[in-house]
Protein chains: 2
Amino acid sequence: MAGEQGRDDERVTTVGLLFESSAGLRRVLEPQLLTDSGLSNHSFDVLVRLVRSPGFRLRMSELASQTTLTPSGLTRSVDRLEESGMVAREACPEDRRGAFAVLTDKGQAVMAEAMPLHVAHIDELLDGVLTDEEEETLASMLRRIRDHIRGLGHSTACEESEAGVPMVSGLS
Amino acid sequence: MAGEQGRDDERVTTVGLLFESSAGLRRVLEPQLLTDSGLSNHSFDVLVRLVRSPGFRLRMSELASQTTLTPSGLTRSVDRLEESGMVAREACPEDRRGAFAVLTDKGQAVMAEAMPLHVAHIDELLDGVLTDEEEETLASMLRRIRDHIRGLGHSTACEESEAGVPMVSGLS
DNA sequence: AGAATCTAGTTGCACACGCAACATCCTTGG
DNA sequence: CCAAGGATGTTGCGTGTGCAACTAGATTCT
């Protein structure tokens, strides 16, 4: 079992490439994001969801399932964002266990500055690598993969993403 | 700066999807890999490179640049693999600073068992999501992205991957 | 040859993450 | 109406990670 790799490894290679490109992009983007706006990839991810939600607010659980974080990871992440004053926790009236994460004014200001920089950086980074059409294709395929995976976790395999608001996903 | 997302965010969305699908796949794959073979994604990644290298050996630096790990991360990872007896370190004759990581017999045996299981799991996981043609397209695009990113890090932007051995990348 | 510079690899340190256990609250069923 | 079960969010604990500083060996320049 040394160096033989049947063409059925192709799929494995594709998955490997997915990991590699993801990690590569993260390693380039994260430092820039940090020096530009003092945000980690995860923080930015959380903030993007909030920025794009009505009332700049989202339930913790919602946030957890949308980001790349586990519930516990999200708790800490929001803790930090709260300490920095970008996010505030707010009790949920109807469900006293629940909590909202709400973007503060400062959080909105930070994002208003961070987004364009980040977008520009990504643009600069990816320019000329893929045609517009290819990018669209790539996005469509990745979306399908993501939704398929998600369907597995929630077991009931439904309520995927509402194609209308295509899970924006600013980053990470 | 609330919910407006010009079509120039498309690229950001694509990057976001890349992160999401990568993280999603990892979260599904890793536990399985762990219970099946007792390996983490990173360990598996390291072992795959070794399995596919002549003499089952690779320089630490080579390994570091090929995997998703930093040099320091790789050191610890190889430390652990060495403790488990799957990998051994070997001094480099021509360069006394350098070190090889070499797959032991045990390491080869573990991989011989782990690979098919892992491949099967991925197959099962991704079956029906993309057509064969799409998979090929996806791999090609991801490869381009990865190579483009890599070219940035090494500054000199050369010596990309030798298309012949297309950076196999079993996983992670 | 000898000093300055560079590279390979390792380690101290701090930090972020996930898992599993937990407290709290909602929801069903008798 | 109360008990059993499910959901939401948080925390203790162990572990893995990256950065920066470091050791040791190569390389280059004068």
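Student: How many helices and strands are there in chain A?

Tutor: This is a predicted model. Read along the sequence, chain A follows the pattern α-α-β-α-α-β-β-α-α. The elements of chain A come to six helices and three strands.

Student: In what order do the three strands of chain A form their open sheet?

Tutor: Strands E1 (57–59) and E2 (87–91) of chain A stand at the edges, each with a single partner strand, so one side of each has no neighbour in the sheet. The pairing is antiparallel, and the twist from one strand to the next averages 30 degrees. The order in chain A is E1-E3-E2.

Student: Which residue in E3(A) is the bridge partner of A:Ala88?

Tutor: E2(A) and strand E3 (residues 99–103) of chain A run antiparallel and are joined by five bridges. In E3(A), the bridge partner of A:Ala88 is A:Val102.

Student: At what angle does helix H2 of chain A run to E3(A)?

Tutor: Helix H2 of chain A covers residues 41–51 and lies across E1 and E3 of chain A. Its angle to E3(A) is about 90 degrees.

Student: Which residues touch the most other members of the largest nonpolar core?

Tutor: In soluble globular proteins, nonpolar side chains tend to be buried together. In this model the largest nonpolar core has 75 residues. Leaving aside neighbours within four places in sequence, B:Leu47 is in contact with B:Met86, B:Leu103, B:Gly107 and B:Met111. The residues that touch the most other core members are A:Leu47, A:Leu50, B:Leu47 and B:Leu50.

Student: Which helix gives the most to the side of chain B that touches chain A?

Tutor: The contact takes 56 residues from chain B and 55 residues from chain A. On the chain B side, helices H1 (10–37), H5 (105–126) and H6 (132–153) each supply at least two residues. That side divides into 28 nonpolar, 15 polar and 13 charged residues. With 17 residues, the helix of chain B that gives the most is H1(B).

Student: Which helix gives the most to the surface near DNA strand C?

Tutor: DNA strand C is surrounded by 20 residues, and the closest are A:Ser72, A:Gly73, B:Met60, B:Ser61 and B:Ser72. At least two residues each come from helix H4 (71–83) of chain A and from helices H3 (60–66) and H4 (71–83) of chain B. With four residues, the helix that gives the most is H4(A).

Notes: Residues numbered from 1 in each chain as written. Chains lettered and ligands numbered in written order. Predicted model: local features only at pLDDT ≥ 70, side-chain atom pairs only at ≥ 80, totals over all residues. Core = buried A, V, L, I, M, F, W, Y, C linked by C-beta atoms within 7 Å. Buried ≥ 20, exposed ≤ 12 C-beta atoms within 10 Å, placed from the backbone. Contact = placed C-beta atoms within 7 Å. Near = placed C-beta within 6 Å. Nonpolar A, V, L, I, M, F, W, Y, C, P; charged D, E, K, R; others polar. Pairing = 2+ DSSP bridges. Axes fitted to C-alpha atoms, helices over the stretch in contact; angles between N-to-C directions.
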